[in-house]
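Subject: Structure handover

Hello,

Here is the structure I said I would pass on. My notes on it follow below the entry.

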Amino acid sequence: MLKLDIKKAITEIKKKNAKTVILQLPEGLKGKTLEIIERIEGKTKAKVIAVMDPVWGACDLAETEMKEFNADLLIHLGHAKYTDSKIKVVYVPLEYSVKEINLDKIQRMLENEKIKKVGLLCAVQFYNILKEIEKGLKKKKFTVLLEKGGEKIDCKGQVLGCDQSSAVKIEKKVDGFLYIGDGFFHPLGVAVSTDKKVLAFNPLNGEIKDLVEEKNIFVRKRYGSIARAMNAKVFGILVSRKKGQLRKELALELKKRIERKGKKAFIFSMDFIKSEYLMGINIDCYVNTACPRIIEDNLNDKPVLNPEELFEVLEKI
Ligand code: SF4
């Protein structure tokens with residue numbers, strides 16, 4: 001079950017006497033948009049404007065809407081704080097709860113993999129469940145480690161698709177990691193950034209999965225993209241205008257380095273990076289400076305590199 005503490009938002013709106021409020025919701029909550037607006041407008045004097053563009057993380061704050069509507073407060077649902085902002089933001093994370101957690105199954109899987117010292121990780125929406133699992137595993141005599149990573153990270157054990165620092169910090173102290181959440185984007189990032197076994201437990205369906213195969217496929221695909229990029233003559237550097245993803249200096253630096261090798265490089269700025277927006281442009285290879293999820297997208301069948309992979313290519317050509 002998904003729990004949303006909208007009371008926190010209502011209290012903040014009243015406290016700040018906000019008249020106009022911008023509401024950002026993750027995709028999974030869009031179906032509840034009207035209900036949430038009616039609850040807020042019914043309990044406060046504020047008018048609510050809901051942003052319907054997709055939002056995948058707190059890297060993407062609706063600053064433009066705040067300015068355009070001269071709004072007093074941004075209510076950002078579903079994600080924890082990621083970056084500082086001049087606008088007033090109330091973060092209202094979602095929390096999953098489940099009737100029961102099959103700890104015996106987790107124990108068996110950890111024991112099969114000879115993981116006695118386990119690093120616990122989660123998506124922020126599963127933090128409560130992580131705490132329950134931590135308690136349960138300690139009772140079963142596992143050594144459990146949790147660490148809070150860099151400044152983008154809000155709580156111990158949290159990882160993002162773009163930040164695995166909570167895992168990297170404890171990599172040398174653990175035999176392996178147990179990630180708690182749904183989907184593989186976050187734990188795959190951990191599997192790729194560390195040399196330890198990563199098991200992903202999805203409390204919503206009780207499944208637990210070793211990510212070794214996903215990691216191998218991912219790495220093979222990355223090698224494939226790097227190999228294809230070796231022959232590229234024209235590069236497109238992708239920059240997102242989303243506040244937490246905008247890396248303009250990096251984009252300019254990449255352009256300089258590509259041109260130094262006698263290749264062409266063009267910088268493309270977008271809010272949301274989508275292959276449709278790049279149709280008809282004659283590019284051999286893209287370099288992504290925004291959310292790392294984009295390297296997995298099919299951008300008109302062209303290879304997409306991250307900056308580190310580009311450096312590797314430039315060294316070899
Ligand atoms: S950049 Fe991507 S992975 Fe990082 S917080 Fe934003 S949406 Fe999530």
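The domain bounds used in this message come from an automatic or database domain assignment. With those bounds, the lining of the second largest pocket takes at least three residues from domain 1 (2-95) and at least three from domain 3 (221-316). Please keep in mind that this is a predicted model.

The pocket

The second largest pocket holds about 410 Å³ of space. Its lining is made up of 17 residues, and those nearest the centre are Asp60, Leu61, Thr64, Glu65 and Asp271. By class, the lining residues are nine charged, six nonpolar and two polar. Helix H3 (residues 63-68) supplies four residues, the largest share of that lining.

Overall dimensions

The chain has ten helices and 15 strands. Along the principal axes, its C-alpha atoms fill a box of roughly 60 × 55 × 30 Å. The radius of gyration is 22 Å, which agrees with a compact globule, because a globule of 317 residues would have a value near 20 Å.

Strand pairing

Strand E2 (residues 20-24) pairs with strand E3 (residues 47-51) in the parallel sense, over five bridges. Within this pair, Val21 has Val48 in E3 as its bridge partner.

Elsewhere, four strands form an open sheet in the order E13-E12-E14-E15, with parallel pairing. Strand E13 (264-270) and strand E15 (304-305) are the edge strands, each pairing on one side only. Inside that order, strand E12 (residues 234-240) and strand E14 (residues 285-288) are joined in the parallel sense by four bridges. Ile237 is placed opposite Val287 in E14. When you look at side chains along these strands, recall that in a regular strand they alternate between the two faces of the sheet.

Regards

Definitions and conventions
Residues numbered from 1 in each chain as written. Predicted model: local features only at pLDDT ≥ 70, side-chain atom pairs only at ≥ 80, totals over all residues. Heavy atoms only, no water. 1 Å grid on protein atoms, 1.4 Å probe; cavity = no way out; pocket = protein on both sides within 12 Å on 5 of 7 lines; lining within 4 Å. Points joined across faces, edges and corners; volume = space filled by probe spheres on them. Helix = DSSP H or I, 4+ residues; strand = E, 2+ residues; numbered from the N terminus. Nonpolar A, V, L, I, M, F, W, Y, C, P; charged D, E, K, R; others polar. Pairing = 2+ DSSP bridges. Rg over C-alpha atoms; globule rule 2.2 N^0.38 Å.
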